[in-house]
Amino acid sequence: MQQVILAQENERKRISRELHDSVAQEMLSSLVDLRVLKYMGMNDKALEKLRQTEGSLMRLLDEIRHLSVELRPAVLDDFGLEAAFRTHIKNLEKNYGLYVHYESDLKEQRYEGAIETVAYRIGQEAILNSMKYAQVEDVFLTLNEVDGQLQIKVSDEGVGFDVNDFTPQGTGLGLYGMKERVELVGGSLTIISSQQTGTTVQANIPLKKERATSENHNS
């Protein structure tokens, strides 16, 4: 299972970089060419069509960049968990109007690549589920180190659900997938939900205190 998840993340990384470095750059080049055409004496009708096409390409370029980040944010590999969450939250607030109250005491610490990946995917999935199903505009995310463990907690005050119904939802990771990922790095997952108080998802992952090297992250 660990090898399968690692293979999935590596493939996400490859596709993400291909979208960013190849597809997005080709589209940007096409946009530059379109803008040059504006100064070539076109009639009003053709110019209006050109502007519409330019707008469509800009929106598509934004979608490609967003998809690239969602697949595998480069900032997670380059700068770590806290920076990756800040980028993800910024995108959520910009594109969906969701406000994420974010607190962290991790500062600039780095952890093993597997730990950072699991923590990020748990947070990403839990926030997405709150956004889609809890009927709220505010979500709370906290990262802490407690007794040698990385603790990530996502909570909302929205519509709860039956925690015994582990039906995969959202990105396809689902509750089963979240639990499996956490257990593979020796951690535990707790989910508490009710219609009165909302939902809290908490993962506790054992840590190695040593700062991970960039070589470890790239391997």
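**View 1. The aromatic pairs of the predicted model.** The structure, a predicted model, holds 2 aromatic pairs, a pair being two rings of Phe, Tyr or Trp (its six-membered ring) whose centres lie within 6.5 Å. In one of them, the ring centres of F85 and Y102 are 6.3 Å apart and the ring planes stand at 55°, so this pair is tilted; planes under 30 degrees apart would count as stacked and planes over 60 as edge-to-face, with the rest being tilted. Because F85 belongs to helix 4 (residues 81–96) and Y102 to strand 1 (residues 99–104), the pair ties together parts that are 17 residues apart in sequence. Helices (H or I, at least four residues) and strands (E, at least two) are DSSP runs, numbered from the N terminus.

View 2. F85 is buried, with a relative accessible area of 0%, where buried means under 20% relative accessible area, exposed over 50% and partly exposed in between (1.4 Å probe, protein chains only). The rings of F85 and Y120 have centres 5.3 Å apart and planes at 40°, so this pair, too, is tilted. It links distant parts of the chain, with F85 in helix 4 and Y120 in helix 5 (residues 113–133), 35 residues apart. Y120 is buried at 0% relative accessibility, and Y102 is likewise buried, at 16%. F85, Y102 and Y120 form one aromatic cluster.

**View 3. The packing of helix 4 against helix 5.** Helix 4 contributes L81, A84, F85, H88, L92 and Y96 to the contact, and helix 5 contributes E116, A119, Y120, G123, Q124, I127 and M131, with contact meaning heavy atoms within 4.5 Å.

**Notes to the views.** Residues are numbered from 1 along each chain as its sequence is written, and side-chain values use heavy atoms, with hydrogens and water left out. In this predicted model, local features need pLDDT of at least 70 and side-chain atom pairs count only at pLDDT 80 or more, while totals for chains, interfaces and linings use all residues.
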